[in-house]
Amino acid sequence: MPAPITDEQNRLDREALLDAAERLFYERGIQAVGMDEVRAASGLPLKRIYRFFAAKEDLVVAVLRRRDHRWRGNLAAHVERVPDPRERVLTVFDWLAEWFGEPGFRGCAWINAYGELGPSSEAVLAEVRSHKQAFHDQIAAWVHTTGLPVVEPVYLLAEGAIVTAGISGDSAPARHARAAVATLLGTT
């Protein structure tokens, strides 16, 4: 009889599964990737994968949720090093430009997931909306410290830059959005 699987092994296997699924889904698209490919990339048997996530949709939601925490955490760590409120808001766009320039950048994982599954998956739609609301709230908190009523334009410029960069494959949308936000903030 095999030894029981420890909590630590469960944690490691779950992380390996999420890593493999996130990489495949982001690189190729959710619907283009079958669970056999996730199995091969994670090194876990399908039976074990389905113990973690009963359906592919559950795996997609877990991938998006984990990515949200990491993505917004990395953004916050970058932005919150800047003491000046207006420069902090502008730094959002510097961080976006760096992200857009990373190898393998394929746009917004949540927009991509919505495009593939949003109309047919309430769970994915809810996770996409949750991320977008959390990102909005994050932007709003930084913009509010400037004392200027420009939350919605700044948020829309950030979202527009993300979508445009994902389609164009260029980081220029972040620079253009940053210039527009500088005008809104009166820093130009």
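1. **Ground rules.** The model is predicted, so local features need pLDDT of at least 70 and side-chain atom pairs count only at pLDDT 80 or more, while totals for chains, interfaces and linings use all residues. Residues are numbered from 1 along each chain as its sequence is written, and side-chain values use heavy atoms, with hydrogens and water left out.

2. **Salt bridges overall.** Side chains of opposite charge can pair when their charged atoms come close. A search of the whole structure gives 15 salt bridges (a side-chain nitrogen of Lys or Arg within 4 Å of a carboxyl oxygen of Asp or Glu). E15, D19, E22, R66, R67 and R70 are joined in a network of such bridges.

3. **E22 and R66.** E22 sits in helix α1 (residues 7–28) and R66 in helix α4 (residues 56–79), so the bridge ties together parts that are 44 residues apart in sequence. Helices here are DSSP runs of H or I with at least four residues, numbered from the N terminus. Both partners are buried (under 20% relative accessible area, with over 50% being exposed and the range in between partly exposed; 1.4 Å probe, protein chains only): E22 has 7% relative accessibility and R66 has 16%.

4. **D68 and R72.** This salt bridge has its closest N and O atoms 2.8 Å apart. Both residues lie in helix α4, four residues apart, or about one turn of the helix. D68 is buried at 6% relative accessibility, and R72 is buried too, at 18%.

5. **The largest pocket.** Its volume is about 240 Å³, taken as the space filled by probe spheres set on grid points joined across faces, edges and corners. A pocket is an open set of points on a 1 Å grid over the protein atoms alone, where a 1.4 Å probe fits, with protein on both sides within 12 Å along at least five of seven lines; lining residues have an atom within 4 Å of a point. There are 13 lining residues, and R67, R70, W71, W99 and E102 lie nearest the centre. Helices α1, α4 and α5 (85–100) each give two or more residues to the lining, and α4 provides the largest share, four residues.

6. By class, the lining has six nonpolar, two polar and five charged residues. Ala, Val, Leu, Ile, Met, Phe, Trp, Tyr, Cys and Pro count as nonpolar, Asp, Glu, Lys and Arg as charged, and the others, Gly among them, as polar.

7. **A nonpolar surface patch.** I111, V163 and I167 together have about 270 Å² of accessible area (Shrake-Rupley method, 1.4 Å probe, only the protein chains shown counting as cover). Patch residues have over 30% relative accessible area and no salt bridge, with nonpolar side chains (Val, Leu, Ile, Met, Phe, Trp, Tyr) joined within 5 Å and like charges within 9 Å. I167 lies in helix α8 (residues 151–168) and is exposed at 72% relative accessibility.
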